[in-house]
Amino acid sequence: MNFVLIAIFAFFVFGVLALFTGNQKSIMADLIRTCGPIGGSILGLIPVIQVLAGKKISAFIMPWELFNGSFYLEIDLLSAFFLLPIFILTILASFYGFSYLKQYANQRNLGSIAFFFNLFIMSMVLVVCAKNIIMFLLAWELMALTSFFLVMFESEKSLTKWTGWLYMSLTHLGTACLFVFFFMAADGALSFDFGDIAISFDKNKTSLCFLLALIGFGTKAGMIPFHIWLPEAHPAAPAHVSAIMSGVMIKTGIYGILRTILLIGVPGLSWGIVLIILGALSGVIGILFALAQHDIKRLLAYSSVENIGIILLGLGLGVVGIKTQSPVMGVLGLAGAFLHILNHAFFKGLLFFGAGSVIYATHTNRIDELGGILKRMPLTGLTFFIGSISICGLPPFNGFISELFIYMGSFKEIVVGDFDNTSILLPIITILALVTIGGLAALCFTKAFSIIFLGEPRYKFNHEIKESPAFIVYPMLVLCAICVMVGVFPSLILPILEEPVSLFFSNEVVRSTFVPMGEMFGIMTYVYLSLIGFITLIAIVRNMLVKRRSYQTTVTWDCGYIRPQATMQYTASSFVETLVDIFSFILRTKKTMDKPSTYFPLKNAGLNTRTADTFAQKLYYPVYYFFKGHMFKLLKIQYGNINLYMFYIILTLVIMLSVNLLTRSEL
Amino acid sequence: MITIILALILSPLLLGFVNQTKAFFAGRVGVPFTQLYFDLFKLFKKDFVYSKTTTWVFRAGPIVNISAALIILFFLPLSVMSFKGDIILVMYLLGLMRFFTIVAALDTGSAFEGMGAAREVLYAIFAEIVVFTSLIALVYLTQSLSLAEIFGKISPYHWTHYGPTLGLISFVLLVILLLENCRIPFDDPNTHLELTMIHEVMVLDHGSFDFGLIQYASSLKLWIWCSMLAHVLLPISSIWSNVVGIFLISILVGIVESTMARFKLIRIPQVLLACFALSILSLFLMR
């Protein structure tokens, strides 16, 4: 525990120190800005690994009246599991940010960015370690505020202001639900410490409490239909912050849901069904919106909604498994959800880093302006490629393993299941949702990778495009290596999953379910190695042939054009056009077309597609404008006259006093 | 082991059977059964020409394709390997093959190949849903999770008790077979117009050794799908009956190709959704 306390302290101290460095360009200033998160995270990893290895670490408890309980920090298994990606990604993001932010050195105050970044990391650590309601909510609020300031990075843009506003208001809508949830749950408890609440929780309130928690935490997680802040906020922040927000911050929402289950007990079967349905919806709709986007970071942000959907599917299977006494499905579903939390942190971190690297080199985030940069940025391209395969859940990389867990959970349930029982529908829905998500993800990420990195450049930049500096590339290589390792040697990851899943199922059940999975992963490693072996072998044969024979290069054949143009290529819009048309009832993509006029068109013709968030347009904005319109009526009582306000205060006091007196007299 | 060797040797012959059937219906003599062997031999001897636009992704495509196809052969019924859950691995390896074909096609920066890639990946979305729905039914019927058992364990007993389900599934799998292997009515490998192609247009720029690998990989893929379907239709667990079944199915493919016209591209998602409905129906019929 001491190490984590030191880490939290380091984040804070170096954050405040960084504030004083301002825009200085000395090495000292750079060091102060970056070494806090790196050093703190490395220290913090020590207890995390100890806990995951099965060691118990004593909590840090300090009775404190303010918290109606105590200042209570503890790393239990669940906290440790979520701290793992937080710390790993923070280390890499700090290196990355050090190099990435250099381009803004003359325009922005790097010191304040470092300050908010430090505090942001600190707040996430506090969120997952806090074991007291007030502490938790304070940390939750701090996390929202610090990330808000990071989102407002380019605050002079009007779009960013709107984004910040949207993020702020939605986060607080979620937090409001959490306030109600926590104080309802704490009703009748000895103190606000989690331990006391769990003991005295009234089981009759489970459903209502879980609903509130689901909305509150789901908003943070980006669950549909509470996701609309996510595709706005993530692209606005600098790349390394987007990576952290998408990779780990939204996972604190999942942490919240899991913590709620531990706190108030497993909710009823119907909530498992709700989780599966929400997961399927988030997954499919998230990826549908992702593939219609033209901005790399928006695309990645929507894909985070999809991945949260996959995690929710796993969680849902877990809850259903507990409630219907089918532990195998539950264990595998939950294990899949846990692993996907890790995996998504890694590959989404990798992809956001890659997107940042592309933006760093080209200064554009529009997919349609890019093309052919694999030759100029080979390492960014390679890592983005592997990240893309991972996120599509294709073997032999890590995304496949977590989806495999969920598939296996569902299929094993179908094997033992009974088709006369309607509960068989749940694994079927899960499988079909996963397959649909997988297929759509393949479309989305072949588009993202190919249009950005392959083909010919679609736009002529005035500057030379070259590979990003080492500190940007190395973190991507590290994440890429993790994706490959977890994918090819999945047996290594099993022990890390065993303990967290055991929080929800008995040890024996978990172990007996994991043994066949371990055997399966062992065989899969051999299969992958032979796949890689075949690939190498054939590649060697090919290279020998290439050496022996003549080898020419020419233009792309393209059915006989002598001079193919870059504009002839497929674009991001045309690649997904048919699908976008099929799903137009939900995507509502707007097309604006400049048709070529006359026989010899002088003006360039063009087609523009734009996909705004349907939920925002149809659900949130009407409500918002309704309230905005009617709020003007409030002007009548809010006149800006101080005397009037004084009168309100006195009136309120009088009412409160009289109510108090009346209720007393009744006693 | 013998299944793998048979697949490696005989798979190019399948296309010969398809083409001969088509020639029979058209009243032509047709190309020899062994045409693909000659083609492969010739391709492997040729020199290399690459587009300046392409990168390592373009060169990796065919290699990954053939390697993944070889791996899948291990998992076929009566082959060497099998473990619980390998069915998901195999289906996702097919996905990996597709992923690499698509990115390799887009690597050329060609409009036509982009078109083909966009179609391939779109139809694959629907096809995968249909395949997994039928797999759910088969997993339940055979109570197993490995590809070898799911298809290998189907017996006459299943046909007598769950006939309607298996009938629907066979039909749906045949449709997917035609789609996945780019046959009429979904795709016409012989069309002379690139605008109407799906798979063939994606490999326009590949040549020589690479194209040989692609041709061989697609013949293996055809073998794999035929083998799976043959196990459902001819529920006898023997290698030779399976091989006979595979060739019978290739003749069936030839008949379908001869008697049907290609669907409009816009209709294909609708056909696949209809197949999805049928496979869902097959689940209900199992009760």
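**Figure 1. Lining of the second largest cavity in the predicted model.** In this predicted model, α4 and α10 (208-233) of chain B each supply at least two residues of the lining of the second largest cavity. The largest contribution comes from α10(B), which gives four residues. In total, 13 residues line this cavity, and Asn65(B), Thr101(B), His199(B), Ser218(B) and Lys221(B) are those nearest its centre. By class, the lining of the second largest cavity consists of four nonpolar, five polar and four charged residues. The space in the second largest cavity is about 140 Å³.

**Figure 2. The largest cavity, lined by residues of chain A and chain B.** Which residues lie nearest the centre of the largest cavity? They are Gly439(A), Met91(B), Gly95(B), Arg98(B) and Glu128(B), out of 23 lining residues. Two or more residues of this lining come from each of α17 (425-453) of chain A and α4 (86-106), α5 (111-142) and α8 (163-180) of chain B. The lining of the largest cavity is made up of 17 nonpolar, three polar and three charged residues. About 250 Å³ of space lies in the largest cavity. The structure holds 10 cavities of 30 Å³ or more.

**Figure 3. The interface of chain A and chain B.** In this view, 73 residues of chain A contact 75 residues of chain B. About 6,800 Å² is buried between the two chains, and carbon and sulfur atoms give 77% of that area. On the side of chain A, the residues that lose the most area to chain B are Phe411(A), Phe419(A) and Arg542(A), which together account for 10% of what that side buries.

Figure 4. How many salt bridges are counted between chain A and chain B? The count is one salt bridge. Asp210(B) and Arg542(A) form a salt bridge, with their closest N and O atoms 3.7 Å apart. Arg542(A) is also one of the residues of chain A that lose the most area to chain B. Across the interface there are 20 residue pairs in polar contact, with both residues at pLDDT 80 or more. On the side of chain A that touches chain B, two or more residues come from each of α15 (378-391), α16 (398-416), α17, α20 (507-548), β3 (551-554) and α21 (572-582) of chain A. Of these elements, α20(A) gives the most, with 15 residues. This side of chain A divides into 48 nonpolar, 16 polar and nine charged residues.

Figure 5. Most peptide bonds are trans. In chain A, Pro395(A) and Pro396(A) are joined by a cis peptide bond with omega of about 5 degrees. Pro396(A) sits in the loop between α15 and α16 of chain A. In chain B, a cis peptide bond joins Ile184(B) to Pro185(B), and its omega is about 15 degrees. Where is Pro185(B) found? Pro185(B) is in the loop between α8 and α9 (199-202) of chain B.

**Figure 6. Backbone of His363(A).** Most residues other than glycine have a negative phi. His363(A), a residue other than glycine, has a positive phi near 60 degrees. The loop between α14 (327-362) and α15 of chain A holds His363(A).

Methods. Residues numbered from 1 in each chain as written. Chains lettered and ligands numbered in written order. Predicted model: local features only at pLDDT ≥ 70, side-chain atom pairs only at ≥ 80, totals over all residues. Heavy atoms only, no water. 1 Å grid on protein atoms, 1.4 Å probe; cavity = no way out; pocket = protein on both sides within 12 Å on 5 of 7 lines; lining within 4 Å. Points joined across faces, edges and corners; volume = space filled by probe spheres on them. Nonpolar A, V, L, I, M, F, W, Y, C, P; charged D, E, K, R; others polar. Contact = heavy atoms within 4.5 Å. Buried area = accessible area lost by both parts, 1.4 Å probe. Salt bridge = Lys/Arg side-chain N within 4 Å of Asp/Glu carboxyl O. Polar contact = N/O pair within 3.5 Å; in protein donor to acceptor, adjacent residues only side chain to side chain.
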